[in-house]
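This report describes a ligand site, a metal site and several individual positions in one protein model. The sequence and structure are shown below.

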Amino acid sequence: MFRFDNSYARLPERFGTKMAPAPVADPGWVAWNGALAAEMGLDPAEVEASLDVFAGNRVPEGAEPMAQLYAGHQFGGWSPQLGDGRAILLGEHVHGDRRWDVALKGSGPTPYSRMGDGRSALGPVIREYLVSEAMHALGVPTTRALAAVTTGETVLRQEGDVAGGILTRVAASHIRVGTFQVFAARDDAEAVRLLLDHATARHHPTAGGPLGFLRAVMERQAELVAQWMGLGFIHGVMNTDNMAVSGETIDYGPCAFMEAYHPDTVFSSIDQFGRYAWSKQPDIALWNLAQLATALLPVMGEREAAVREATETLEGFADLFDAAWRRVLGAKIGVNDPALGSELLAIMAEHRLDFTLTFRALAVDGDVVDAPPRLEDWLARWRGLAPDSEAMRRANPAVIPRNHRVEEAIQAAYAGDLAPFHRLHEVLRDPWTETAANRPFRDPARPEERVERTFCGT
Ligand code: AMP
Ligand code: MG
């Protein structure tokens, strides 16, 4: 089915552990992604016939399955060895001039599982499928979901025994900041060099050396975080092992889209101190990039000069992010005036206005219903600047994966009903127009429906 060329598996043995996924008892379909399969040049009939592959019960031809090694800073604390504890990279599928990692998530224990069971509950599989595909439709670089299956087994989680699931995640690569860190921390400069060459060739072919690579990753991250913030997206767990050097959003754990706007918003139950709050994301991206820079030092020549150059490069992040954020915010209000945009955000925060609906109302109606006086004043000034409503419609979606809707799809799936999942997935494929079908999905949660906390829970 796949046309694999496994360049990562050809790197030295210490880059991971070659092993097959652990089979499951009784696989069943949740979904497979026809649009993505077509993009990848896969034969739909073969995909349809490959439930056993997506469940980890059959290793497809040409695969060289492996668990990848990495490390990372989790909430600022150093974890010297992480790695694919519940995932297996099957291989790299090549189609035309594109190459995708195809990996199973929830595929059983590996040497990197630590205390975990290597499995995933169905809920997080549903969540990642919906949110990653929504992000793609919203124009945000992201890993994709090719398939989701049930395992016919249960996993033990906080809430008790729940149905297990496996997601097939497709990514430009799974190389993380933490992949560089693991080798740097082991004083394995040769591995850092090999990884740098590999990642450069795959993602930043014109980078020309470690500083150029760092700069290219910085550019992508600045752009990515600005895009997240423009959608009210909070990643929730921006650990260095969850930052891909490709610039794709990766690891949809406790992520969430904010409804009532406030810059300090946090959803993740484990983010007690708001490290990864909506407005903190650019600072954290830079913090992570500084870890990447540190990990690249072993291949940057003489130490003192390397530190100076890396520091100077990192100092460029503020401008990169500012430029990206100006563009995003400018498109959202249809006027290239960041101060005016910031003023709107301050008003929205004061009145806890719905992030998505407020901007969409500006784009579609040029107005906000029941606007507080301060907003009326802002609207009058804004209208005077003749905002570009066409651009605004393309920057301000009508529908996002609201937490209560994702939760509804998850709970129904646990009860054996996949209809809400399919309905929501269909609606999220076109977030840019108001339709009869997406009507109920545009509304914010009622107070009793509100999801205030999200959990990793995998
Ligand atoms: P995350 O916070 O989801 O990015 O995961 C951090 C680390 O924990 C990674 O090394 C994962 O592979 C590992 N991990 C998370 N859940 C499990 C699980 N159920 N079994 C084994 N390892 C896990
Ligand atoms: Mg992770």
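An N or O atom in the side chain of Arg114 is 3.0 Å from an oxygen atom of ligand 1, a separation inside the polar-contact limit (a pair of N or O atoms within 3.5 Å; within protein, one must be able to donate a hydrogen and the other to accept it, and residues adjacent in sequence count only if both atoms are side-chain atoms). The side chain of Asn242 likewise places an N or O atom 3.0 Å from an oxygen atom of ligand 1, and a backbone N or O atom of Gly83 lies 2.7 Å from one. On its own, ligand 1 has 490 Å² of accessible area, and the protein covers 86% of that; such areas come from the Shrake-Rupley method with a 1.4 Å probe, and for residues only the protein chains shown count as cover.

This is a predicted model, in which local features need pLDDT of at least 70 and side-chain atom pairs count only at pLDDT 80 or more, while totals for chains, interfaces and linings use all residues. Residues are numbered from 1 along each chain as its sequence is written, chains are lettered from A and ligands numbered from 1 in the order in which they are written, and side-chain values use heavy atoms, with hydrogens and water left out.

The surroundings of ligand 1 comprise 18 residues, of which the closest are Gly83, Gly85, Arg86, Gly118 and Asn242; a residue is counted if one of its heavy atoms lies within 4 Å. By class, this shell has two nonpolar, eight polar and eight charged residues. Here Ala, Val, Leu, Ile, Met, Phe, Trp, Tyr, Cys and Pro count as nonpolar, Asp, Glu, Lys and Arg as charged, and the others, Gly among them, as polar.

Asn242 also takes part in the metal site: the magnesium ion (ligand 2) is coordinated by Asn242 (OD1) and Asp251 (OD), at 2.0 to 2.1 Å. Donors are N, O and S atoms within 2.8 Å of the metal (3.2 Å for Na, K and Ca); water is not among the atoms, so sites may look incomplete. Asn242 and Asp251 are both buried, where buried means under 20% relative accessible area, exposed over 50%, and partly exposed in between (1.4 Å probe, protein chains only).

Gly83 occupies the loop between strand S5 (77-79) and strand S6 (87-95). Helices (H or I, at least four residues) and strands (E, at least two) are DSSP runs, numbered from the N terminus. Apart from residues up to four places away in sequence, Gly83 touches Gln68, Leu69, Tyr70 and Tyr112, a contact being heavy atoms within 4.5 Å.

Arg114 is found in the loop between strand S7 (98-105) and strand S8 (120-121). Its phi is near 50 degrees, a positive value in a residue other than glycine. Asp370, in the loop between helix H12 (355-365) and helix H13 (373-383), has a positive phi near 55 degrees. Most residues other than glycine have a negative phi.

| Residue | Relative accessible area | Class |
|---|---|---|
| Gly83 | 8% | buried |
| Arg114 | 56% | exposed |
| Thr151 | 2% | buried |
| Asn288 | 1% | buried |
| Asp370 | 74% | exposed |
| Asp443 | 34% | partly exposed |

Thr151 belongs to strand S9 (residues 144-157). A polar atom of its side chain lies 3.1 Å from the backbone nitrogen of Glu153. Asn288 is in helix H8 (residues 281-296) and, leaving aside neighbours within four places in sequence, is in contact with Val177, Met238, Asn239, Thr240 and Met243.

Helix H12 is largely enclosed by the rest of the structure, because eight of its eleven residues are buried. The buried residues of H12 pack against helix H7 (210-230), helix H10 (317-333), helix H11 (338-350), H13 and helix H14 (389-395). At the N-terminal end, Asp354 caps H12 through a side-chain oxygen 3.2 Å from the backbone nitrogen of Thr356. Gly366, with a positive phi near 65 degrees, follows H12.

Asp443 lies in the segment after helix H17 (439-442). The side chains of Asp443 and Arg439 are joined by a polar contact of 2.9 Å. Beyond four places in sequence, Asp443 is in contact with Arg402 and His404.
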